[in-house]
Amino acid sequence: MSEKKPDKRVLKTKRALCEGLAELLTDKELRKITVQEITDKADVNRVTFYKHYLDVYDLYEKLENEVIIDLGILVLDAEKGPTEDYNSSLIDYIDSNRKVFSMIFSPYNTGQLRDKVEKLFAGLYLQIYMEKFGIKKKTKEVEYVSYYHSSGCIAIIEKWVRSGYDGSKESIIKIISDMDKNFEKNGDYSK
């Protein structure tokens, strides 16, 4: 039995609603956003909204889950090739989801999604670092180094997003990749 492909119109509508919420979250808090404001931004009627979501919080939760799943898949792909390829995929993903990432790094957002993204990155860098140096047992030093590394990557991305994506994707990829190379040159902190 073949899997039923999702209707492209439904996907387009859901994306428009997610982007509408994301755009609103760059200027105001989640608790102050109404369904009407989201549907106006997305150019969708309220009935259509309620076909897919229970309320604003349900939409936000689904948006958050989608971002974490997508980033999780990118993280898993990071193990398959050079770090620069991963950085390129990551920045391409962020660039193609600008409204969502503007929301993630907005001062009006709760910060929960940003924290989840940062934890995901910290786990990635911890795993990469342990594999790179053949570390069998996690130490506090390795945890601190990987956290510092992931926080630096997040800071660069946040600066890029908050500046209105000022600077080319290529320059951001190079900055993050150069930072990764420097971490690799610095040595083994497992002792």
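1. Contacts along the chain. Among contacts in the chain with a separation of 6 or more, 68% are between residues 24 or more positions apart. Contact here means heavy atoms within 4.5 Å.

2. Basis of the values. This is a predicted model, in which local features need pLDDT of at least 70 and side-chain atom pairs count only at pLDDT 80 or more, while totals for chains, interfaces and linings use all residues. Residues are numbered from 1 along each chain as its sequence is written, and side-chain values use heavy atoms, with hydrogens and water left out.

3. Outline. The chain has 9 helices and 0 strands, and its pattern along the sequence reads α-α-α-α-α-α-α-α-α. Helices (H or I, at least four residues) and strands (E, at least two) are DSSP runs, numbered from the N terminus. Taken along the principal axes, the box filled by the C-alpha atoms is roughly 60 × 45 × 30 Å. Of the 191 residues, 41% count as buried; buried means under 20% relative accessible area, exposed over 50%, and partly exposed in between, with a 1.4 Å probe and protein chains only.

4. Helix α4 against α7. How are two packed helices described? By the angle between their axes and the distance between the axes. Helix α4 (residues 56-78) packs with α7 at an angle of about 15 degrees, and the axes are 11 Å apart. This makes α4 roughly parallel to α7. Axes are lines fitted to C-alpha atoms, for helices over the stretch in contact, and angles run from 0 to 180 degrees between N-to-C directions. Angles under 35 degrees count as roughly parallel, over 145 as roughly antiparallel, 65 to 115 as roughly perpendicular and the rest as oblique. The crossing of α4 and α7 is right-handed; a crossing is right-handed if the near helix is turned clockwise from the far one by less than a right angle, and left-handed if anticlockwise.

5. Residues between α4 and α7. On the α4 side the contact includes Y60, V67 and L71, and these helices meet through α7 residues including L113, V117 and L120. By class, the contact of α4 with α7 has 10 nonpolar, 2 polar and 2 charged residues. Ala, Val, Leu, Ile, Met, Phe, Trp, Tyr, Cys and Pro count as nonpolar, Asp, Glu, Lys and Arg as charged, and the others, Gly among them, as polar.

6. Helix α7 against α8. The angle between α7 and α8 is about 130 degrees, with their axes 8 Å apart. That makes α7 oblique to α8. Among the residues that make the contact are R114, F121 and Y125 of α7 and H149, I154 and E158 of α8. The classes in the contact of α7 with α8 are 13 nonpolar, 4 polar and 4 charged residues. The crossing of α7 and α8 is right-handed.

7. F121. Is F121 buried or exposed? F121 is buried, at a relative accessible area of 2%, and lies in helix α7. Leaving aside residues up to four places away in sequence, F121 touches Y86, L90, S150, C153, I154 and I157. F121 and H149 are 28 residues apart along the chain, with 8.9 Å between their C-alpha atoms.

8. I172. This residue is found in helix α9 (residues 169-186). I172 is buried, with a relative accessible area of 7%. Its contacts, not counting residues up to four places away in sequence, are with I91, I156 and W160. I172 and I157 are 15 residues apart in sequence, and C-alpha to C-alpha they are 7.8 Å apart.

9. Salt bridges of E158. A salt bridge is a side-chain nitrogen of Lys or Arg within 4 Å of a carboxyl oxygen of Asp or Glu, and the count by this rule is 18. The side chains of E158 and R114 form one at 2.7 Å, N to O. That pair links distant parts of the chain, with E158 in helix α8 (residues 140-162) and R114 in helix α7 (residues 112-132), 44 residues apart. E158 also forms a salt bridge with R162, with the closest N and O atoms 3.7 Å apart. E158 and R162 are separated by about one helical turn because they are 4 residues apart in helix α8. E158 counts as buried at 17% relative accessibility, whereas R162 counts as exposed at 51%.

10. Other salt bridges. E19 and R15 meet in a salt bridge at 3.2 Å, N to O. Both lie in helix α1 (residues 8-25), 4 residues apart. E19 is partly exposed at 22% relative accessibility, and R15 is partly exposed at 37%. A network of salt bridges links D92, D95, R98 and K169.
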